[in-house]
Amino acid sequence: ANWNRGVALARGEYICIFHQDDVMMPENLARKLAVLSANPTVSFVHSAIEFLLEEGLVTVPGDWVEATAEDRVVEGQRYFRQLIARNFICAPTVVMRRTLFDRVGGFDDTLGFTCDYEMWLKLCMEGQVAFLSLPLVLYRWHEKNATYAYRFEKGVEELRTARQEAIRYYEERTGKREEAELLRNVSAVLTEKEQWAGGFDRESERRLVYIKELEALRDKL
């Protein structure tokens, strides 16, 4: 709801939701606006990131960026299917068109963790998606980071809900019922995998923290 309020107050043609603890590189907006200006069919553009790690942090996400080292523009429905399997878009890297944000209905304020993920999926249905391989945002990763904590709580359930809503939107926009049903089955399998992975990550986190505590005690002794 806070993000929606911010967008409602904005007057620009393009929208970027930027976190208070991250850092924009100087060329971030200029490069992304150039892509959107040159390509009217691109609904949004995002980029690679670099992590700013808190000292002593145990784990860091390894799959939040595209698996390509090249700039690219991808057809929206194709990108939707890729994105259903894994969210590799870091929210503050996105610059989107205001008209399309309004068209899809804004952020779902019932989703505290995945409202951005659902938004990117829906925007895929409104045009092409562009990616810039140059890291244009420094993303701060620390234990008080909302995403860091939320991935262990409601994260998996909200991922499931976001996918379901996005697939419903996909079916409405395309009329492809059989494909939508296939995507729902994929989503169900992914949820099972994420539930297992979440439990494993939490236990791994605890063990690694315990090891670091033992090492610190050893050094002190």
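Met-24, Leu-29 and Leu-33 make up a nonpolar surface patch, and their accessible area together is about 210 Å². Patch members have over 30% relative accessible area and no salt bridge, and nonpolar side chains (Val, Leu, Ile, Met, Phe, Trp, Tyr) are joined within 5 Å. A salt bridge is a side-chain nitrogen of Lys or Arg within 4 Å of a carboxyl oxygen of Asp or Glu. Areas come from the Shrake-Rupley method with a 1.4 Å probe.

This is a predicted model, in which local features need pLDDT of at least 70, side-chain atom pairs count only at pLDDT 80 or more, and totals for chains, interfaces and linings use all residues. Residues are numbered from 1 along each chain as its sequence is written, and side-chain values use heavy atoms, without hydrogens and water.

**Helix α2**

Leu-33 sits in helix α2. Leu-33 counts as partly exposed because its relative accessibility is 30%. Buried means under 20% relative accessible area, exposed over 50%, and partly exposed lies in between. Helices (H or I, at least four residues) and strands (E, at least two) are DSSP runs, numbered from the N terminus.

Helix α2 spans residues 28-38, and its buried residues are Asn-28, Lys-32, Val-35 and Leu-36. They lie on the same side of α2, because they cover an arc of only 95° around the axis. That arc is taken from the directions from the helix axis to the C-beta atoms. Ala-30, Ser-37 and Ala-38 are exposed on the other side.

Contact means heavy atoms within 4.5 Å.

**The cores**

A nonpolar core is a set of buried Ala, Val, Leu, Ile, Met, Phe, Trp, Tyr and Cys residues joined through side-chain atoms within 4.5 Å. The largest has 37 residues, and Phe-44, Phe-80, Met-96 and Trp-120 touch the most other members. Elements giving two or more residues to this core include α3 (76-85) and α8 (177-220). Helix α5 gives the most, with 7 residues. A second, separate core has 8 residues, among them Val-35, Leu-36, Val-95 and Leu-132.

**Glu-70**

Glu-70 is in the loop between β3 and β4 (72-74). Glu-70 is exposed, at 57% relative accessible area. Leaving out residues up to four places away in sequence, Glu-70 touches Phe-131 and Ser-133. Glu-70 and Phe-131 are 61 residues apart in sequence, yet 8.3 Å apart in space, C-alpha to C-alpha.

Notes
Buried < 20%, exposed > 50% of the residue type's maximum accessible area, 1.4 Å probe, protein only. Patch = residues over 30% accessible without salt bridge, like charges linked within 9 Å, V, L, I, M, F, W, Y side chains within 5 Å.
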